[in-house]
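These are my notes from going through the model.

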Amino acid sequence: LGSGALSGRRVVVTAGGTREALDPVRFLGNRSSGKQGVALAAAARDLGASVLLIAAHLEVPAPSGVELLNVTSARELQTAVEREVPGADVLIMAAAVADFRPAQYVASKMKKTDDVEAPELTLVRNPDILAGAVAARAAGEAAERGGWPDLIVGFAAETGDESHSVLDYARQKLARKGCDLLVVNEVGESKGFAADVNEVSILFASGAEPVRAAGSKDDVARAVTQAIADAL
Ligand code: C5P
């Protein structure tokens with residue numbers, strides 16, 4: 001402690017999958033395990049950072065030695081990010097945020113009775129939390145609370161096709177989201193969601209050469225947090 005590459009730094013990591021409630025017992029969710037985000041929080045801790053993990057649904061335990069804030073939905077995650085991130089040095093958006101939520105929350109459990117037809121589900125868009133943080137920083141918001149982080153890190157899972165490689169699409173996404181680093185996963189059979197191994201490229205808005213990292217999610221987390229420390 002005190003001597004790591006991130007000592008004295010405040011790092012906020014979001015992880016896990018958001019759940020969007022339909023009624024008191026049902027939700028729309030996703031298959032994110034939270035493993036990569038949890039590994040990132042632990043790796044930042046190991047480099048000496050003060051870490052806050054904002055956790056949506058996790059399939060793995062939160063690491064020790066980090067602060068934990070539990071949230072459920074994308075909008076709760078957004079509120080937590082807006083409240084907790086000003087003053088932090090780094091925001092790592094590893095959470096799998098639902099792009100859509102049910103337009104209406106039904107306060108009592110939807111019942112099935114013989115004479116009731118299947119309900120139609122209407123969805124509305126969720127806010128893009130990463131893009132919101134980038135925009136708030138650009139607008140100079142929260143200056144009195146230390147301002148927005150020097151480094152905002154996004155994640156993306158991409159597939160390539162005949163005309164564009166995964167890296168082509170990732171560069172486009174980096175530019176579109178406006179974040180400083182983008183960690184891109186090549187979507188494959190055994191990689192990504194729930195898997196223990198991962199293969200990523202780390203792209204930099206600065207134009208620095210992408211860094212590739214492969215191995216366990218802990219290995220990838222060490223490579224990403226080292227790249228963050230180098231970029232700060
Ligand atoms: O556009 P896409 O969903 O592929 O972008 C993924 C990145 O954006 C991740 O870092 C994710 O945490 C973030 N994101 C977000 N809010 C959303 C959707 C994604 O912050 N509503």
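I began with Ala142, which sits in the loop between α3 and β9. I take helices (H or I, at least four residues) and strands (E, at least two) as DSSP runs, numbered from the N terminus. Ala142 is not a glycine, yet its phi is positive, about 60°. Its relative accessibility is 12%, so Ala142 counts as buried. My cut-offs are under 20% relative accessible area for buried, over 50% for exposed, and partly exposed in between, with a 1.4 Å probe and protein chains only.

For the record, this is a predicted model: local features need pLDDT of at least 70, side-chain atom pairs count only at pLDDT 80 or more, and totals for chains, interfaces and linings use all residues. Residues are numbered from 1 along each chain as its sequence is written, and side-chain values use heavy atoms, with hydrogens and water left out.

Next entry: helix α1. I find that α1 covers residues 35–46, twelve in number, and reaches 16 Å from first C-alpha to last, close to the 16 Å expected at 1.5 Å a residue. The expected span is 1.5 Å times one less than the number of residues. Is α1 largely enclosed by the rest of the structure, or open? Nine of its twelve residues are buried, so α1 is largely enclosed. Among the buried ones are Gln36, Val38 and Leu40. I see the buried residues of α1 packing against β1 (10–15), β4 (50–55), β6 (90–93), β9 (151–158), β11 (197–204) and α5 (217–231). After α1 comes Gly48, with a positive phi near 95°.

I then checked α5, which has 15 residues and reaches 21 Å from first C-alpha to last, close to the 21 Å expected. Its buried residues include Lys217, Val220, Val224 and Ile228. They pack against α1, β6, β9, β10 (181–186), β11 and β12 (211–216).

Asn198 is in strand β11. At 5% relative accessibility, Asn198 counts as buried. Which side chains does Asn198 make polar contacts with? I noted Gln36 at 2.8 Å and Asn185 at 2.8 Å. A polar contact is a pair of N or O atoms within 3.5 Å; within protein, one must be able to donate a hydrogen and the other to accept it, and residues adjacent in sequence count only if both atoms are side-chain atoms.

Ile54 belongs to strand β4. With 0% relative accessibility, Ile54 counts as buried. Leaving aside neighbours within four places in sequence, I list among its contacts (heavy atoms within 4.5 Å) Val12, Thr14, Leu69, Val71 and Glu84. Ile54 and Gly16 are 38 residues apart in sequence and 8.8 Å apart in space, C-alpha to C-alpha.

Last entry: the ligand. The residues surrounding the ligand include Met93, Asp99, Asp128, Phe155 and Lys173; each has a heavy atom within 4 Å of the ligand. By class, I get seven nonpolar, one polar and four charged residues in the shell. A backbone N or O atom of Ala95 lies 2.8 Å from a ligand oxygen atom, and one of Pro127 lies 2.8 Å from a ligand nitrogen atom. A polar side-chain atom of Lys177 lies 3.0 Å from a ligand oxygen atom. Taken alone the ligand exposes 450 Å², and the protein buries 83% of that. The areas come from the Shrake-Rupley method with a 1.4 Å probe. The elements giving two or more residues to the shell are α3 (129–138), β9 and α4 (166–177).

Conventions
Nonpolar A, V, L, I, M, F, W, Y, C, P; charged D, E, K, R; others polar.
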